[in-house]
Amino acid sequence: MRRGLSIYLGGGIIAVLLIATLAAPLLSPQNPYEMELAQGLAAPEAAHPFGRDKLGRDILSRVLHGGRTSLTVGFAAVSVSVLLGVIIGGIAGYLGGVWDEAIMRVTDVFLAFPGILLAIALMSVLAPSLWNIVISLSVFGWVGYARLTRAQVLALREREFVIAAHAAGATPGRILTRHLFTNVISPVIVEASIGMAGAILAESGLSFLGLGIQPPEPSWGAMLAEGRDFLLVAPHLTIYPGIAIALTVMGLNILGDGLRDLLDPTQKR
Amino acid sequence: MRKFLLRRILLLIPVLWGVTTLVFIVTQVLPGDPVDLMLGETARPAQREQLRKTLGLDRPLGVQYADYMGGLLRGDLGNSLHQKRAVSAIIFERTYASAELTLASMAVALLISLPLGITAARRQGTALDLGAGFLAVAGASMPVFWLGPLLIIVFSIGLGWLPVSGREGSLSLILPAVTLGAALSPILMRMARSSLLEVLPQDYISAARAKGISEKRVLWLHALKNACLPLITILSLQLGALLSGAIITETVFAWPGVGRLVIQAIASRDYPLVQGCVLFIAAVYVSANFLADIAYAWLDPRVRLT
């Protein structure tokens with residue numbers, strides 16, 4: 001896909017979803033918590049285009065409000081992970097030696113946990129709240145950014161501009177923040193956009209397993225879990241939250257690909 | 001090769017120690033009392049004290065850690081609180097189902113991704129290439145907990161061809177394997193395409209063609225053989241995604257593997273079982289990566305020198 005097209009398409013999808021979820025209180029046709037038991041599992045109709053769930057709540061309104069949860073968790077988890085990863089990876093790459101060795105061995109340990117397993121283990125002992133989900137996703141999320149930053153800093157630290165800054169008397173902190181981090185930011189941005197897609201999938205996965213956002217709060221993953229019991233009689237419970245997740249993840253992946261081609265052409269395939 | 005093997009084994013030891021310690025920290029040190037979680041807030045103090053004693057939580061943390069590590073070294077993962085049996089035996093009973101699903105989904109992923117990747121590389125820049133690229137992006141965006149139910153709606157409920165869930169007969173393996181395999185195939189397809197694109201313009205391919213070897217033979221015997229190396233790396237790296245995807249896929253299809261066991265153990269607050277399952281999955285992942293490293297070094301001698 002051409003670079004410009006990827007950025008416009010991915011960015012466009014995310015912009016629309018962002019506006020729709022931010023304006024959820026205005027756009028939602030109903031209160032997402034309002035129940036009407038007699039109308040439970042009702043099929044889509046003009047007043048409720050996505051139908052109703054088992055408690056008679058409007059699915060469109062819950063999908064819009066659920067998007068706020070997913071995007072908030074995704075953005076917060078990636079922000080915390082990037083912050084931790086860039087600082088830790090920067091220190092490892094810049095200081096080198098024992099520090100680098102120790103930090104890299106710690107990242108090896110975190111990388112030994114496949115996917116969201118560590119988050120699942122953490123959520124089994126933490127109370128299922130939005131911020132605990134952010135913490136559990138950040139606990140393993142920082143590792144990728146730390147490795148990326150370390151590799152970039154290792155490549156940059158012997159360059160003339162860093163040596164010049166050092167000779168001019170700049171402190172290590174200043175060299176890291178003013179000279180090295182500014183040059184590391186492009187690949188980190190690319191990684192973060194794809195990482196946010198992963199964080200949204202992970203949050204939905206945790207909520208699907210019952211370890212994430214708890215009812216009655218709307219969450220795409222929890223809505224899918226609820227829909228599983230009614231696949232035969234009410235497939236609309238499963239279809240719409242799934243489309244919302246897939247669209248968001250697809251938008252972020254396309255945007256990430258476009259940004260990679262733009263900011264890091266050496267990675268272009 | 002022997003030196004490489006020794007170095008890799010030595011590197012494995014601190015990782016395994018770190019993994020086991022991290023699991024101990026997560027399940028026993030972090031805020032959130034397991035006794036509260038297991039019994040609920042309404043339990044009587046005597047009940048709490050009894051469970052605390054049963055779990056060994058009344059002892060100092062250092063003693064608990066030493067006991068935990070000692071148990072692990074003897075292969076003892078403790079006893080399940082609900083099933084009153086050894087955790088290792090319960091996990092062992094579930095491994096066959098998990099292995100079956102993992103291998104089947106890897107096969108599905110290769111069956112989907114290789115033909116698509118090869119077609120995309122051979123027809124680079126055409127509508128077919130673009131179509132395959134779109135399929136890869138769309139596939140990577142579909143979570144297994146959505147694709148699974150969609151496949152059930154179509155193939156089990158709509159067409160009635162395949163069972164909805166459970167593990168009875170070979171037909172019941174198809175939907176979980178396709179769900180999990182489809183999640184893995186986009187990245188494999190991309191890798192197959194890009195590896196082939198790097199190999200196809202090389203001189204030895206032109207030489208093979210000049211010798212009059214059929215295009216099919218050039219592709220499958222000469223090009224794909226070298227393009228497979230990065231695929232092995234990706235496949236081993238993706239085993240992690242496969243294992244965590246299996247936790248959700250097994251839950252969707254009520255597949256009786258280790259992944260579903262973790263979720264059942266969490267739901268029943270069976271802490272020793274949760275701890276054992278997490279350790280087991282992490283150990284499988286670390287071992288698979290270790291074996292992939294060895295296989296890679298064996299296939300490509302340059303790797304041993306790095």
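Visitor: What volume does the largest cavity have?

Guide: The largest cavity has a volume of about 50 Å³, where a cavity is a set of points, on a 1 Å grid over the protein atoms alone, at which a 1.4 Å probe fits but cannot get out, and a volume is the space filled by probe spheres set on points joined across faces, edges and corners. This is a predicted model, in which local features need pLDDT of at least 70, side-chain atom pairs count only at pLDDT 80 or more, and totals for chains, interfaces and linings use all residues. Residues are numbered from 1 along each chain as its sequence is written, with chains lettered from A in the order in which they are written.

Visitor: Which residues line the largest cavity?

Guide: Its lining, meaning residues with an atom within 4 Å of a point, consists of Asp53(A), Ile59(A), Met223(A), Glu226(A), Leu237(A) and Pro241(A).

Visitor: And how many cavities of 30 Å³ or more are there in the whole structure?

Guide: The search finds 2, and the second largest cavity, of about 30 Å³, is lined by Ser124(A) together with Ala265(B), Ile266(B), Arg269(B), Asp270(B), Tyr271(B) and Val274(B).

Notes. Side-chain values use heavy atoms; hydrogens and water are left out. On a 1 Å grid over the protein atoms alone, a cavity is a set of points where a 1.4 Å probe fits but cannot get out, and a pocket is an open set with protein on both sides within 12 Å along at least five of seven lines; lining residues have an atom within 4 Å of a point.
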